[in-house]
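User: I would like to go through this structure with you, one topic at a time. Could you keep the answers plain?
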Amino acid sequence: MKYPTTPDGRYFVARNRLWRCTDPGLDEDTRKRHVKALMAARRAVKEANKVDDDDALKAARRQVQAAKEALGERGPVWWSDGAEDESGRAPHNSSYADWWASHNAKADKASG
């Protein structure tokens, strides 16, 4: 599934929230390595939940956080123009409100 991405490439929209995209400045090998670590950490979260192991769950969630930070999806922003992080905001309540309204108008026109 392709999620709408803001014109500046900083966020994608899923479930009516802005989520930070991976840092486009990462080289492909680095990106792949961190994505692999993220997927392993997510599997560890699933396994810890399955066996109801709180310590393993906390460790796995720390690994998810570390991988997301390495990808630029959490932690300090990867852009340098001073714009604030708007992760988790509804796009209509963000600096992207005009873009989002235009995007939705185009999507409505295409589906109807």
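User: Let us start with R89: is R89 buried, partly exposed or exposed?
Analyst: This is a predicted model, and in it R89 is partly exposed, with a relative accessible area of 31%.

User: Which residue does R89 form a salt bridge with?
Analyst: The partner of R89 is E86, and their closest N and O atoms are 3.2 Å apart.

User: And E86, is that residue buried or exposed?
Analyst: E86 counts as buried because its relative accessibility is 5%, and the cut-off for buried is under 20%.

User: How many salt bridges are there?
Analyst: The count comes to eight salt bridges.

User: What does R10 pair with?
Analyst: R10 forms a salt bridge with D8, the closest N and O atoms being separated by 3.8 Å. R10 is buried, at 12% relative accessible area, whereas D8 is partly exposed, at 38%.

User: What about K68 and E73, are they buried or exposed?
Analyst: Both K68 and E73 are buried. Their side chains meet in a salt bridge, with 2.6 Å from N to O.

User: Changing topic: which residues make up the largest nonpolar core?
Analyst: The largest nonpolar core has nine residues: L38, A41, V45, A48, L57, A60, V64, A67 and L71. Two elements, α1 and α2, each give two or more residues to this core.

User: Which element gives the most to this core?
Analyst: That element is α2, which contributes five residues.

User: Now the surface. Where is there a patch of negative charge, that is, which residues gather in it?
Analyst: D52, D53, D54 and D55 gather in a patch of negative charge on the surface.

User: Where does D52 sit?
Analyst: D52 lies in the loop between α1, which covers residues 28–51, and α2, which covers residues 54–71.

User: Why does D52 count as exposed?
Analyst: D52 counts as exposed because its relative accessibility is 64%, and the cut-off for exposed is over 50%.

User: What is phi of D52?
Analyst: Phi of D52 is near 55°, which is a positive value in a residue other than glycine.

User: And what is phi of N16?
Analyst: Phi of N16 is near 60°, also a positive value in a residue that is not glycine. N16 is placed in the loop between β1 (11–14) and β2 (17–20). At 34% relative accessibility, N16 is partly exposed.

User: One more topic, distances across the chain. How far apart are the C-alpha atoms of H92 and L18?
Analyst: The C-alpha atoms of H92 and L18 are separated by 9.8 Å, and the two residues are 74 residues apart along the chain. H92 belongs to the loop between α2 and α3, the latter covering residues 97–111. H92 is partly exposed, with 43% relative accessible area.

User: Where is E84, and how far is E84 from S95 in space?
Analyst: E84 is also in the loop between α2 and α3. The C-alpha atoms of E84 and S95 are 9.8 Å apart, and the residues are eleven apart in sequence. E84 is partly exposed, at 49%.

User: Finally, what separates A70 and F12?
Analyst: Their C-alpha atoms are separated by 18 Å, and A70 and F12 are 58 residues apart along the chain. A70 is found in helix α2, and A70 is partly exposed, with a relative accessible area of 28%.

Key: Residues numbered from 1 in each chain as written. Predicted model: local features only at pLDDT ≥ 70, side-chain atom pairs only at ≥ 80, totals over all residues. Heavy atoms only, no water. Patch = residues over 30% accessible without salt bridge, like charges linked within 9 Å, V, L, I, M, F, W, Y side chains within 5 Å. Areas by Shrake-Rupley, 256 points an atom, 1.4 Å probe, with all protein chains shown as cover. Salt bridge = Lys/Arg side-chain N within 4 Å of Asp/Glu carboxyl O. Lys, Arg positive; Asp, Glu negative; His and termini not counted. Charge placed at Lys NZ, Arg CZ, Asp CG, Glu CD. Helix = DSSP H or I, 4+ residues; strand = E, 2+ residues; numbered from the N terminus. Buried < 20%, exposed > 50% of the residue type's maximum accessible area, 1.4 Å probe, protein only. Core = buried A, V, L, I, M, F, W, Y, C linked by side-chain atoms within 4.5 Å.
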